[in-house]
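Work through the exercises below with the sequence and the 3D view side by side. Try each task before reading its solution.

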Amino acid sequence: MSESAIKTDIQLGGASAPLGASGELDLSEVRDWIALLKPRVMSLVVFTGLVGLLVAPGHIHPVLAATAILCIAVAAGASGAINMWYDRDIDAVMRRTASRPIPAGRIRPQAALTFGIFLAIASVVVMGLATNWVAGAALAGSIGFYVFIYTMWLKRRTPQNIVIGGAAGAFPPAIGWAAVTGNLGVEALVMFAIIFVWTPPHFWSLALFANGDYQRAGVPMLPVVAGAKETRRQIWLYSLVMAPLGLLPTVIGMAGLAYGAAALVLGGFFLEAIWRVKRDVQDEAGVSRSNDAPARYAFKFSILYLFLLFAALAADRMIFG
Ligand code: HEM
Ligand SMILES: CC(C)=CCC/C(C)=C/CC/C(C)=C/COP(=O)(O)OP(=O)(O)O
């Protein structure tokens, strides 16, 4: 089916509003609207944003801090909703995403788009008014990166889509930092850099075992275009940069030795997980054994890694000052 045919098909798929025919709130429809916000991805985005805010020097009123974190959550959710609106044709052909509310016909594309745009604008305006416009502008930048640079421009054009588009997800700690300080100092840049370099191993591990989906949808992710072997090589190279980068907060005096030790251990486990991906999946002739387990493990561990690394950063600052 052509792209436009799929889109039309989906558009005809069904109406939606959070109120059922009787006018009562339908919980399953509420769940669908929440699903549009990609809440599980959002949770780690919010957590890294919170850590950026906690480690920043200076004072912010707790209510304003909570507002800033809510704005990061809403912005991430809004861009997820706009991403699902735009990608409804490819989401419909990928097994992992086919049951999402738009391709499954439970939410109208136009309604999802309106919802996403409204939340995106609201999050930026509230962030700017409640904290400062450096944080507001950085939030707008991260939405713009995810929606325009990654989703609408690069995702369907180049296997480097997530390297460049990955900047979107690297912003949140810098936004949290800016909400308190009103600027984007070197510490904000370091937190940005860690997530930026973490993103390729995170995503390409998933792309290795979701390769069939991306092939079917015609999305030029690295394993589709360059093959699994080259993808594993690149994941390994990014990880070799990422693990030492995790030590930078201690090197620049932003965190102490306790964080440094945690980053060292976590980096070691990360490299071990990625080494298994690089080493395990090829037979002597270079043919994939189709063993997804190392890539699945590396993808899951990437999430745990980032969570623990940022938790260590916050704990180091809060315990040792
Ligand atoms: C361009 C950058 C990124 C890409 C392309 C990407 C891609 C993905 C994809 C495709 C999934 C599977 C989602 C699903 O099945 O619903 C996923 C899961 C996840 N991502 Fe990323 N990601 C990126 C950046 C990030 C960032 C920056 C974070 C957080 C700081 C993050 C956190 C997560 C989490 C927590 C999950 C697991 C969700 C679950 O439990 O299902 N990702 N990512
Ligand atoms: C503050 C703010 C705006 C933050 C948003 C940043 C963020 C979480 C970026 C990560 C992007 C992400 C989850 C991409 C998933 O790829 P995809 O969209 O190709 O995945 P899919 O195939 O699951 O839709």
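This is a predicted model: local features need pLDDT of at least 70, side-chain atom pairs count only at pLDDT 80 or more; totals for chains, interfaces and linings use all residues.

Residues are numbered from 1 along each chain as its sequence is written, chains are lettered from A and ligands numbered from 1 in the order in which they are written, and side-chain values use heavy atoms, with hydrogens and water left out.

**Exercise 1. Find the protein donor of the iron atom of ligand 1.**

Step 1. Look for donors, meaning N, O and S atoms within 2.8 Å of the metal (3.2 Å for Na, K and Ca); water is not among the atoms, so sites may look incomplete.
Step 2. The only protein donor is NE2 of H202, at 2.2 Å from the iron.
Step 3. Place H202 in the fold: it belongs to helix 11, residues 186-209. Helices are DSSP runs of H or I with at least four residues, numbered from the N terminus.

**Exercise 2. Describe the shell around ligand 1.**

Step 1. Collect the residues with a heavy atom within 4 Å of the ligand. There are 20, and R40, R96, T199, H202 and F203 come nearest.
Step 2. Sort them: 13 are nonpolar, four polar and three charged. Here Ala, Val, Leu, Ile, Met, Phe, Trp, Tyr, Cys and Pro count as nonpolar, Asp, Glu, Lys and Arg as charged, and the others, Gly among them, as polar.
Step 3. Trace their origin. Helix 3 (39-55), helix 11 and helix 17 (293-320) each supply at least two residues. Helix 11 gives the most, six.

**Exercise 3. Which side chains make polar contacts with an oxygen atom of ligand 1?**

Step 1. Apply the cut-off: a pair of N or O atoms within 3.5 Å.
Step 2. An N or O atom in the R40 side chain is 2.8 Å from a ligand oxygen. For R96, the distance to an oxygen of ligand 1 is 3.0 Å.

**Exercise 4. Which residues come closest to ligand 2?**

Step 1. Of the 18 residues surrounding ligand 2, the closest are R96, R100, Y146, Y150 and K155.
Step 2. Check side-chain distances to its oxygen atoms. Y150 has an N or O atom at 2.6 Å. R96 has one at 2.8 Å. N83 has one at 2.9 Å.

Definitions and conventions: A polar contact is a pair of N or O atoms within 3.5 Å; within protein, one must be able to donate a hydrogen and the other to accept it, and residues adjacent in sequence count only if both atoms are side-chain atoms.
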